[in-house]
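Please open the model in your viewer and keep the sequence panel beside it. The tour below moves from one selection to the next and says what is to be found at each stop.

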Amino acid sequence: MIENIDEIRVQDFIMSLSSETDDDIIKLKQYAIENDVPIIRDETKDFLKLILNIKKPNDILEIGTAIAYSSLVMHRNCKSAKIVTLEDFPRRVKEARENIEKYFDRDKIELIDKDASIYLKENKDSECFDLVFLDAAKGQYINWIDDIKRLMRKDAILIADNIFKDGEIIESKFLIKKRDRTIHKRMREFLKSITDDKELNTYIFNIGDGISVSIKK
Ligand SMILES: C[S@@+](CC[C@H](N)C(=O)[O-])C[C@H]1O[C@@H](n2cnc3c(N)ncnc32)[C@H](O)[C@@H]1O
């Protein structure tokens, strides 16, 4: 048994075995890198593909579109799914719209140009999504969880990305810069809330920048 195995080497090894074959996904990732757009990491993408393959959702809600990179990953790996994706930063909305025109079957995606807080309050539906991918303002997750739960069907899966916030979340609040303490506190509250919730089965994974996976009972 090798002790103290270097996690970065393990990650590099895993990713050396994982290759993307979709040219449009490769192109969008390159654009994101060149333009400093935050997108899901490769290991998160692989995990998302796995869940899509197992779950085969009909209806997906994504909170945090950016340029529609993760939307494209979901679209290409679950062709029958209808994706509703939310973005409120005008520049990103414009880029996402252009990418949707270029790369998507138009009837399979709806980009909603709105703050997720407003969308979640306005949408009075219930039980209409099989998969929710949460990748937006981390400090808001705790405020959105009740509305998200209402929108989830039985057995629907909620995946929240970046739950470790570059490792900060596992640190004591006293080691966090004052300006970041609110997000630290709120993310901890979110994680406590989804792990304690009797209506959810939640699992936390050290994938990418941390992922939580919650299944609605
Ligand atoms: C990490 S990026 C999303 C990346 C995208 N999921 C991907 O991997 O391709 C987060 C995005 O969420 C958007 N966002 C943050 N808060 C939001 C809110 N309250 N409502 C809608 N969009 C929001 C940001 O403008 C940003 O583009």
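## Helices around α4

Begin by selecting helix α2 (residues 23-34) together with α4, and look along the pair: the two helices pack at an angle of about 170°, with their axes 10 Å apart. Because an angle over 145 degrees counts as roughly antiparallel, α2 and α4 are described as roughly antiparallel to each other. Keep in mind throughout that this is a predicted model.

To see where these two helices touch, show the side chains of Asp24, Ile25, Leu28, Lys29 and Ala32 in α2, which meet Tyr69, Leu72, Val73 and Arg76 in α4. When the residues of this contact of α2 with α4 are sorted by class, there are six nonpolar and three charged residues, and no polar ones.

From α3 the contact draws on Lys45, Leu48, Lys49 and Leu52, while α4 contributes Val73, Met74 and Asn77. By class, this contact of α3 with α4 is made up of four nonpolar, one polar and two charged residues.

Before moving on, consider α4 by itself: which of its residues are buried? They are Tyr69, Ser70, Ser71, Leu72, Val73, Met74 and His75. Since seven of the nine residues of α4 are buried, the helix is largely enclosed by the rest of the structure.

Now select Ala66, which lies in the loop between β1 (59-63) and α4. Most residues other than glycine have a negative phi. Ala66, although not a glycine, has a positive phi of about 50°. Ala66 is also buried, with 24 other C-beta atoms within 10 Å.

For a second residue of this kind, go to Glu127, in the loop between α6 (116-122) and β4 (129-134). Glu127 is not a glycine either, and its phi is positive, at about 50°. Is its position buried or partly exposed? Glu127 counts as partly exposed, because it has 13 C-beta neighbours inside 10 Å.

## Around the ligand

Display the ligand and the 19 residues around it, of which Gly64, Tyr69, Ser70, Phe89 and Ala137 come nearest. Two of these names, Tyr69 and Ser70, were already met among the buried residues of α4. As you colour the shell by element, note that α4, β2 (82-87) and α6 each supply at least two of its residues. Colouring the shell around the ligand by class instead divides it into 10 nonpolar, four polar and five charged residues.

## A second pair of helices

Move on to helix α7 (residues 141-151) and helix α8 (residues 181-196), which pack at an angle of about 30° with their axes 8 Å apart. Angles under 35 degrees count as roughly parallel, and α7 and α8 are therefore roughly parallel to each other. On the α7 side, select Tyr141, Ile142 and Ile145; these meet Arg186, Met187, Glu189, Phe190, Ser193 and Ile194 in α8. Six nonpolar, one polar and two charged residues make up the contact of α7 with α8.

Select Ile100, whose place is in helix α5 (residues 90-103). Ile100 counts as buried, with 23 C-beta neighbours inside 10 Å, and, leaving aside its neighbours within four places in sequence, it is in contact with Ala68, Ile109 and Leu111. If you draw a distance from the C-alpha atom of Ile100 to that of Ile215, 115 residues away along the chain, the separation is 29 Å.

Then go to Asp6, in the segment before α1 (7-16). Asp6 is exposed, with 10 other C-beta atoms within 10 Å, and its C-alpha atom is 40 Å from that of Asp115, 109 residues apart in sequence.

The last stop is Ile204, in strand β6 (residues 200-205). With 16 other C-beta atoms within 10 Å, Ile204 is partly exposed. Between Ile204 and Ser126, which are 78 residues apart in sequence, the C-alpha to C-alpha distance is 25 Å.

Notes
Residues are numbered from 1 along each chain as its sequence is written. This is a predicted model: local features need pLDDT of at least 70, side-chain atom pairs count only at pLDDT 80 or more; totals for chains, interfaces and linings use all residues. Two residues are in contact if their C-beta atoms, placed from the backbone, lie within 7 Å. Helices (H or I, at least four residues) and strands (E, at least two) are DSSP runs, numbered from the N terminus. Ala, Val, Leu, Ile, Met, Phe, Trp, Tyr, Cys and Pro count as nonpolar, Asp, Glu, Lys and Arg as charged, and the others, Gly among them, as polar. Axes are lines fitted to C-alpha atoms, for helices over the stretch in contact, and angles run from 0 to 180 degrees between N-to-C directions. Angles under 35 degrees count as roughly parallel, over 145 as roughly antiparallel, 65 to 115 as roughly perpendicular and the rest as oblique. A residue is buried if 20 or more other C-beta atoms lie within 10 Å of its own, exposed if 12 or fewer, and partly exposed in between; C-beta atoms are placed from the backbone. A residue is near a molecule or strand if its C-beta atom, placed from the backbone, lies within 6 Å of it.
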